[in-house]
Amino acid sequence: MLRGNPDIGVYNALPRGCELCRLGGKLVVYITGECGDNCYYCPVSTERFGKDVMYANEAEVKSLYDFIYEAYRMNAAGAGITGGDPILAIGRLTKLIRLFKDEFSSDFHVHLYTSGRYVTNDVLRELERVGLDEIRFHPVKEDYLKAVEKALKFRFDVGIEVPSIPHEKEFLERIVEWGVKKGVKFININELELTERNYQSLNVQGYRVSHGLTGVKGSAELALSLLRKYESKNVALHYCSSVYKDVVETRTRFLRIIKYSAKPYENGTPEGTIVRAIVKSNSDLSDIGEKIGEGMWSISPDFSSHFSEVVLVEEHPDQRRLRITEKLINSKT
Ligand code: SF4
């Protein structure tokens, strides 16, 4: 029986990687932006796509140990490794999976996204050896299903994860039917998203936003019709909306970062942001905050009434500290 909210996500069983993501427990690992494909709907940003860069959650990193540090900051229960195509960085990919398992135990759940283009038996053997738990294929072409078939002979869970593209209904149906016949563990169908990089090519095809902030018109409807059509088949089908990624996955991950690494003077909000106050003072305020510059202190908003001029800032809690609002409060006015 299908469960969930059609505006957010509908499923009949969730893969382990999705369960942990829903709880905000997955570190998002971007291992490389390089990819042999160039899909017109690719959501990866211009700063990342085609470049050999790494990101831990939202922050660019230079070393594999930065991923371990970020995993500690959020007390991660696992990691989802994406790209580009991570297989193009197979050396550091396998090294990182091994690092995770050695540092946090074999229970630290690692899932991986790939198109399958570069997946060979040797690659799969290496991934199994280092302890990969789950592999998700995005078969851009039907030819890439050969890689999925190879993966089914290994110990990790094998699934398919594809965007729901309204004019590719027949292709999607063939992929789902293939997956059902071959016995993949799950099939995730994601709402197609308009992003800064893909909106022009999607607009040319006639696609417009309709669902949430970024969901493409007709994408959710197609995904839900496929879930209903294949509901009785022996496969775990799941639809994930763009709203879900934002409202649930990112927010719960931010709440988790706040819980485990916010400073004592930073107040968390239910939206997954932090609020702090910036004040000028020549006194030592280290009991209620932290010095951030000459005569400048970051303190808890709870003490702001003691100061004549306060700047209240609201930020994302990840390492980028993206500022959402900044408000000057002058208690003398
Ligand atoms: S395979 Fe994935 S990362 Fe590569 S171009 Fe297509 S959508 Fe983008």
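In this predicted model, helix 3 and helix 4 pack at an angle of about 20 degrees, and their axes lie 9 Å apart. Angles under 35 degrees count as roughly parallel, so helix 3 and helix 4 run roughly parallel to each other. The crossing of helix 3 past helix 4 is right-handed. On the helix 3 side, the contact uses Ile-90, Leu-93, Thr-94, Ile-97, Arg-98 and Lys-101, while helix 4 brings in Val-123, Glu-126, Leu-127, Arg-129 and Val-130. Sort those residues by class and you get six nonpolar, one polar and four charged.

Now for helix 3 and its other partner, helix 2. The axes of helix 2 (residues 64-73) and helix 3 (residues 90-104) come within 10 Å, crossing at roughly 40 degrees. That angle makes helix 2 oblique to helix 3. Here too the crossing is a right-handed one, with helix 2 passing helix 3. Helix 2 puts Leu-64, Tyr-65, Phe-67, Ile-68, Ala-71 and Tyr-72 into the contact, and helix 3 answers with Arg-92, Lys-95, Leu-96, Leu-99, Phe-100, Glu-103 and Phe-104. The tally for this contact is ten nonpolar, no polar and three charged residues.

What about helix 3 itself? Quite a list of its residues is buried: Leu-93, Thr-94, Leu-96, Ile-97, Leu-99, Phe-100, Lys-101 and Phe-104. The cover over these buried residues includes helix 2 and helix 4 (121-130), along with strand 3 (26-32), strand 6 (78-83) and strand 7 (109-114). Just past the end of helix 3, Ser-105 adopts a positive phi of about 90 degrees.

Helix 6 (residues 169-182) and helix 8 (residues 219-229) pack at about 35 degrees, with 11 Å between their axes. Helix 6 passes helix 8 in a right-handed crossing. Lys-169, Leu-172 and Glu-173 of helix 6 make the contact with Leu-222, Leu-226 and Lys-229 of helix 8. By class, these come out as three nonpolar, no polar and three charged.

Here are the pairs side by side:

| Helix pair | Crossing angle | Axis separation |
|---|---|---|
| helix 3 and helix 4 | about 20 degrees | 9 Å apart |
| helix 2 and helix 3 | roughly 40 degrees | within 10 Å |
| helix 6 and helix 8 | about 35 degrees | 11 Å apart |

Technical notes: Residues numbered from 1 in each chain as written. Predicted model: local features only at pLDDT ≥ 70, side-chain atom pairs only at ≥ 80, totals over all residues. Heavy atoms only, no water. Axes fitted to C-alpha atoms, helices over the stretch in contact; angles between N-to-C directions. Helix = DSSP H or I, 4+ residues; strand = E, 2+ residues; numbered from the N terminus. Parallel < 35°, antiparallel > 145°, perpendicular 65-115°, else oblique. Left-handed = near helix turned anticlockwise from the far one by under 90°. Contact = heavy atoms within 4.5 Å. Nonpolar A, V, L, I, M, F, W, Y, C, P; charged D, E, K, R; others polar. Buried < 20%, exposed > 50% of the residue type's maximum accessible area, 1.4 Å probe, protein only.
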